[in-house]
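Let's walk through this model together, one question at a time. Take a look at the fold first, and then read on.

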Amino acid sequence: MKILIATDGSEFSTAAVVESCKFIKPETAVIKVIAVFEDALPITIETMPASAQYFQQVEGGLMELAAENLKTAEAQIKEQFPGTVLDLTTEVIRGHADQAIIDFATEWKADLIVVGSHGRGFWGRLLGSVSDGVVHHAPCSVLVVRKPADHPA
């Protein structure tokens, strides 16, 4: 089973990573953990546009944060399966989160996508929820994990 886990490093993603471990059968699972970062948008403050160097630094920082989030998620998964060899890889992806997850899942031929939910309800969906977008457009089954109130994430 090919399981795609998307993380943004939030407590909601942590809950999704932990929950996904319930579905991982080490002998048959192929696990890919991805973190998506969006391009830094050019910002102008009145008449002074930000420099190209500024945007490179911002994007570099976003990419570093995504890579750190992946290391954390990878460690959390491995912690659940001590002494077990897992088919587990990670990848940082650039793009709009929901579309990047959908595109990656389609190309990779995922059997299951696991994402966390921030649980914002109506307003979150109105403003554009990543989990909502993935659920409605994914090429496979999607598990949306809510963080229980008592979850230690």
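A nonpolar core here is a set of buried Ala, Val, Leu, Ile, Met, Phe, Trp, Tyr and Cys residues joined through side-chain atoms within 4.5 Å. Buried means under 20% relative accessible area, exposed over 50%, and partly exposed in between, with a 1.4 Å probe and protein chains only. This is a predicted model, in which local features need pLDDT of at least 70 and side-chain atom pairs count only at pLDDT 80 or more, while totals for chains, interfaces and linings use all residues. Residues are numbered from 1 along each chain as its sequence is written, and side-chain values use heavy atoms, with hydrogens and water left out.

Q: Which element gives the largest share of the largest nonpolar core?
A: The largest nonpolar core has 21 residues, and Ile5, Ile24, Ile31, Val33, Ile77 and Val114 have the most contacts inside it. Two or more residues come from each of β1, α1, β2, α2 and β6, where helices (H or I, at least four residues) and strands (E, at least two) are DSSP runs numbered from the N terminus. The largest share of this core, 4 residues, comes from α2.

Q: How many residues are in the other core, the one that includes Phe104?
A: In soluble globular proteins, nonpolar side chains tend to be buried together. Apart from the largest core, which has 21 residues, lies another, with Ile93, Ala100, Phe104 and Cys140 among its members. Its size is 15 residues.

Q: Which strands stand at the edges of the sheet?
A: The open sheet has 5 strands with parallel pairing, in the order β5-β2-β1-β6-β7; two strands pair if DSSP finds at least two bridges between them. Each edge strand has a single partner, so one side of it is left without a neighbour in the sheet. Those edge strands are β5 (87-94) and β7 (141-146).

Q: At about what angle does α1 run to β6?
A: Axes are lines fitted to C-alpha atoms, for helices over the stretch in contact (heavy atoms within 4.5 Å). Angles run from 0 to 180 degrees between N-to-C directions. Helix α1 lies across β1, β6 (112-117) and β7, and its angle to β6 is about 145 degrees.

Q: Which helix holds both lysine 78 and glutamate 74?
A: These two residues form a salt bridge, with the closest N and O atoms 3.3 Å apart. Because they are 4 residues apart in the helix, about one helical turn separates them. The helix is α2 (residues 52-80).

Q: Is serine 10 buried or exposed?
A: Serine 10 sits in the loop between β1 (2-6) and α1 (11-20). Its side chain makes a polar contact of 2.7 Å with that of aspartate 8; such a contact is a pair of N or O atoms within 3.5 Å, and within protein one must be able to donate a hydrogen and the other to accept it, with residues adjacent in sequence counting only if both atoms are side-chain atoms. At 17% relative accessibility, serine 10 is buried.

Notes. A salt bridge is a side-chain nitrogen of Lys or Arg within 4 Å of a carboxyl oxygen of Asp or Glu.
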